[in-house]
Amino acid sequence: DMATESKLKAANQAYLINFTAAWCITCQANEKTSLGRERVKDYLASNNIRYIKADWTNRNADITKSLAAYGRSGVPLYIFWKPGMQNSKILPAVLTEDILIKGMQ
């Protein structure tokens, strides 16, 4: 939720939030083509980026509120922030390893 993001920002902790759901085909495809790949996991680890999975499979109300805060009513949604950025950034809905890593630079 937004409180989690505020806490991470206050702690200067970079993060990537993956708003996903089991029934979301695009979400599952992105998991296979990028989010689940070793290169991406290594990039997150070596750059100290906290990876958070917000699972909306059962339409959790907190996640619905967070999506709405970004002007979204569904998944996928990928949010990235790191120290020095004014606001968090929405990454593309369809990911590849390169798009994801470039989006977090």
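# Close-up views of the predicted model

**View 1. Strand β1 and its pairing with β3.** β1 and β3 pair over five bridges, in the antiparallel sense. Within this pairing, Ile17 has Ile79 of β3 as its bridge partner. β1 covers residues 15–20, and β3 covers residues 77–81. The model shown here and in the other views is predicted.

**View 2. Strand β1 and its pairing with β2.** β1 is also joined to β2, which spans residues 50–55. These two strands run parallel, with six bridges between them. Opposite Tyr15 stands Arg50 of β2.

View 3. Is β1 mostly covered or mostly open? It is mostly covered: six of its six residues are buried. One side carries Tyr15, Ile17 and Phe19.

**View 4. The largest nonpolar core.** This core holds 31 residues. Which members touch the most others? They are Leu16, Phe19, Ile49, Val75, Leu100 and Met104. Several elements supply at least two residues each: strands β1 and β3, and helices α2 (25–35), α3 (38–46), α4 (61–69) and α5 (97–103). β3 gives the most, with five residues.

**View 5. The surroundings of Met104.** Met104 is among the core members that touch the most others. Which residues does Met104 contact, once its neighbours within four places in sequence are left aside? The list is Leu16, Tyr43, Leu44, Ile49, Phe80, Lys82 and Leu91. Two of these partners, Leu16 and Ile49, are also named among the core members with the most contacts to other members.

**View 6. The disulfide of Cys24 and Cys27.** A search of the whole structure finds one disulfide. Cys24 and Cys27 form it, with their sulfur atoms 2.2 Å apart. A disulfide is a covalent bond between the sulfur atoms of two cysteines. The angle about the S-S bond is 80 degrees, and the link is right-handed. Are the two cysteines buried or exposed? Cys24 is buried, and so is Cys27.

**View 7. Ile25 on helix α2.** Ile25 is found in helix α2. Its relative accessible area is 72%. Ile25 counts as exposed because this value lies over the 50% cut-off. Along the chain, Ile25 and Val75 are 50 residues apart. Their C-alpha atoms are separated by 9.8 Å.

**View 8. The whole chain, for orientation.** The chain has five helices and four strands. Read along the sequence, their pattern is α-β-α-α-β-α-β-β-α. The radius of gyration is 13 Å, close to the 13 Å that the globule rule gives for 105 residues, so the chain is as compact as a globular protein of that length. Along the principal axes, the C-alpha atoms fill a box of roughly 30 × 30 × 15 Å. Of the 105 residues, 41% count as buried. Among contacts with a separation of 6 or more, 65% come from residues 24 or more positions apart. The chain exposes about 5,800 Å², and carbon and sulfur atoms supply 52% of that area.

Terms used:
Residues are numbered from 1 along each chain as its sequence is written. This is a predicted model: local features need pLDDT of at least 70, side-chain atom pairs count only at pLDDT 80 or more; totals for chains, interfaces and linings use all residues. Side-chain values use heavy atoms; hydrogens and water are left out. A nonpolar core is a set of buried Ala, Val, Leu, Ile, Met, Phe, Trp, Tyr and Cys residues joined through side-chain atoms within 4.5 Å. Buried means under 20% relative accessible area, exposed over 50%, partly exposed in between (1.4 Å probe, protein chains only). Contact means heavy atoms within 4.5 Å. A disulfide is a pair of cysteine sulfur atoms within 2.5 Å. The radius of gyration is taken over C-alpha atoms; the globule rule is 2.2 Å times the number of residues to the power 0.38. Accessible areas come from the Shrake-Rupley method with a 1.4 Å probe; for residues, only the protein chains shown count as cover. Two strands pair if DSSP finds at least two bridges between them.
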